[in-house]
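Work through the two exercises below with the sequence and the coordinates at hand, and try each task before reading its solution.

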Amino acid sequence: MKKFISLPLKNVYRIVGEDYYLIDQVLKELKIACGGEMSDLNQSYFDDENFSADKLLDSCNQMPFIAEKRLVILKELSKVSEADKKKIVEYSKSPSPFSVLAIIDNNKNFVSVQGEVIDCKPLNFNELSVFIKEKFSSLGTGISQDGLKELIESCSYNLTKIVAEIEKLASYAGDKEVSKADVDNLVTKTDDFTIFELSDALSKKESVRAVKLLELMLASLEPTMILSLLAGHFRRLFHAKISSLSTQELAKLLGVKEFAVTRAKEQAKNFSAVNLKKIVELILNTDYMIKSGQMNAENAIHYLVFSILELKWKE
């Protein structure tokens, strides 16, 4: 995996992106670069529970103890006053040369802060493939190409989950190569992946598979949650089908990650725009039937799935 931090160190970093495994990697690199010894004495952490702009800036202005620099980490804040924002922005214009301030800022509270921005967006398929193969190799085993693809998709490109599953798979496989069957049997699928699989089964009119996937989801999720996931998924497919926007633009518009739009565009090819519109309408009608008491939620979800299966697949 690439290194995020290069020398000489900057005094202010703003870290963005949804992959918290990568964010942890950035923080580990910063800790090493600042001087790992006596780390507890040279590091300060602030979050929603203990945040104070004044205390944070006091920490930034303290001299490091037997280390190159002092590391001050400001974790994601759900809210912050304009006065506190201004103090930190002003500090970033002339930061202490003896400290590093690292701000995790996916909520975009500190977009005006001057410093180096590090983007920890999810890795793409090729980047994940390289990482996974190297990880398995370091554990004395490997993974087939089909297994690798299944692992990435089952974990919805989430690197934190992928790493946890790699250790489990490698332990199971021993010195043998991990297969697609191993991934199918051992990896707990994310809700996003199961919805994607259900949508795929519906597009192929595979009623037995669709019902089996639905029952699998009902075993762990409330019917209303499944309906919500289906609504978001099929709205995304509909937009991917009819929109002329780029993947990046559409991801920003829908408030999702780029890889989610890429996958939606691929799966949308299995549906006509007319049928995607009908499916979105069926979901809305199902939601109304549940909320109005016309049908209980579990029966309504089954009704929805069979209604989609009954649609004619021609425009």
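Predicted model: local features only at pLDDT ≥ 70, side-chain atom pairs only at ≥ 80, totals over all residues.

Residues are numbered from 1 along each chain as its sequence is written, and side-chain values use heavy atoms, with hydrogens and water left out.

**Exercise 1.** Describe the span and the ends of helix H6.

*Solution.* Helices here are DSSP runs of H or I with at least four residues, and strands are E runs of at least two, numbered from the N terminus. H6 covers residues 159–173, and its 15 residues reach 20 Å from first to last C-alpha, close to the expected 21 Å, the expectation being 1.5 Å times one less than the number of residues. Just after the helix, glycine 174 takes a positive phi of about 65°.

**Exercise 2.** Find the salt bridge partner of lysine 10 and state what the pair ties together.

*Solution.* A salt bridge requires a side-chain nitrogen of Lys or Arg within 4 Å of a carboxyl oxygen of Asp or Glu, and by this rule the count comes to 17. Lysine 10 meets glutamate 116 at 3.4 Å, N to O. Lysine 10 lies in the segment before strand E1 (12–16) and glutamate 116 in strand E5 (residues 116–119), so the pair ties together parts 106 residues apart in sequence.
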